[in-house]
Amino acid sequence: MTVAPEAPGARQAPRRPLTTLPGPPLAADPGGERRRALSSLRDTDVYAVAGAAAAALSLTWLLFGWLLPFDGAVGFVVMAYGLFLLLYALLVSFDEDGPAVVDRIAAAVVRSMGVLLVAVLTVVVVYALVEGRKALVHLNFFTEDMELAGPLEPLSVGGALHAAAGTLIMIVIALVITVPLGLVCAVFLNEVPGPFARFVRTIVEAMTALPSIVAGLFIYATVILGLGMDQSGLAASLALSVMMLPIIIRAADVVIRLVPGTLREASYAMGTSRWRTAWHVVLPTCRSGLTTSVILGTARGIGETSPVLLTAGFTSELNLDPLHGPMVSLPLATFEFVKSPEPTMVSRGFGTASLLMALVLLLFVAARVVGGRGPGQLTRRQEHRRVLASRRDARRFAARAGRAAGPTAAPATAAPPAGPQSSAPSAPFRTRPGSPS
């Protein structure tokens, strides 16, 4: 039995489309599932958050004020937050299923923790600025030291210049010591793997939790007592370096591990050595991460007090010589000012803390400007040098092409010689070097 083919215009049974377009399903598609967008913000989400917050505050106030013998702001906040999560989960469950409810609760917890951290940081900064506003409004606070100012002197006398200068000197010397050593050690741990590298990584990880007083005692015993060096800014810088170095090495080690191995393989395929690959490929690729590691190390060392007190002592005078004489830092000066029962000294202490925060912010911004560029991103000066190099290469290539085309163009335009020699074979003929032509 032979089945005749269908005519071109014959009716065919409708088939379901193979491509599913985004958006709500068509009404003619039975069994279609409504698409859910978990990341989009809808009106119901806003209503659920506002309703849960209002209900949680009302219930907490009712429990604390009327029903239960509870008291205290901390307990009020903790209970209100727990009730908020429960009520928010209940409201979300009216419109969503289990996975969506879990996603909403996790998002609420993460965002609330972020808001809490920002709030705590804001409170700390604002509190220091408010308490130190009486000292910060005086210009002498930034231009004078405490040599002629006693505990009973008004805020118009004395300042924190000696502490700011000491902090800058100590941290600059510590960075000069730790940044090259930390980056070289991190590159060694990644580029030269082996048993010794594993041993060094273990020691570095153990030293990241080193107490600051131990670092100060180590430098005091070896450098001051053992080598006979006086208490000075250099000794304090060495103590800060002992604390900063493990942080920089560990953070830089993690960042260098994130560099794709294909970049190293491409560099090796071009015949580049291991160390040139590390210098020209690995380090520029993770420049921003290395900057972050330096920032973390600086944050660890710039706020320490006990190592500076053991190795640099304390002074009320301005000392710019890191090799001789005691030197003070901003955290140590803050500690000494706040210990005093006099209100003027306490105001100087909070003003010194505000100055320390401003100095840390300035150093962090400078570090981001210097090393915060992404991989392959050049500065204006580097782009200008690259443009000039490209122009020189273009002129050199053009001159080379002109010299290559000059001798071959003249015989092509010359007329062939006349006479019997014109019947010579056209095949090329070469003579041996040194034989007569």
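I began with the pair Arg-201 and Asp-253, whose side chains meet in a salt bridge at 2.9 Å, N to O. I count a salt bridge when a side-chain nitrogen of Lys or Arg is within 4 Å of a carboxyl oxygen of Asp or Glu. Arg-201 sits in helix α7 (residues 195-207) and Asp-253 in helix α9 (residues 233-257), so the pair links distant parts of the chain, 52 residues apart. I took helices as DSSP runs (H or I, at least four residues; strands are E, at least two), numbered from the N terminus.

The model is a predicted one, so I kept local features to pLDDT of at least 70 and side-chain atom pairs to pLDDT 80 or more, while totals for chains, interfaces and linings use all residues. Residues are numbered from 1 along each chain as its sequence is written, and side-chain values use heavy atoms, with hydrogens and water left out.

Next I looked up accessibility (buried is under 20% relative accessible area, exposed over 50%, partly exposed in between; 1.4 Å probe, protein chains only). Arg-201 is buried at 15%. Asp-253 is buried at 1%.

I then went to Arg-250, which forms a salt bridge with Glu-205, the closest N and O atoms being 3.4 Å apart. Arg-250 lies in helix α9 and Glu-205 in helix α7, so this pair ties together parts that are 45 residues apart in sequence. Arg-250 is partly exposed, at 27% relative accessible area, and Glu-205 is also partly exposed, at 35%.

A further pair on my list was Glu-304 and Arg-300, with a salt bridge at 3.7 Å, N to O. Glu-304 is buried at 17%, whereas Arg-300 counts as partly exposed at 22%.

I checked for shared partners: salt bridges join Arg-201, Glu-205, Arg-250, Asp-253 and Arg-257 into one network. My search of the whole structure found eight salt bridges.

Last, I read the confidence values (pLDDT, the predictor's confidence in each residue, from 0 to 100). The chain has a mean pLDDT of 82, and 81% of its residues reach 70 or more. Confidence is highest in helix α9, at a mean of 93, and lowest in helix α16 (residues 380-413), at 78.
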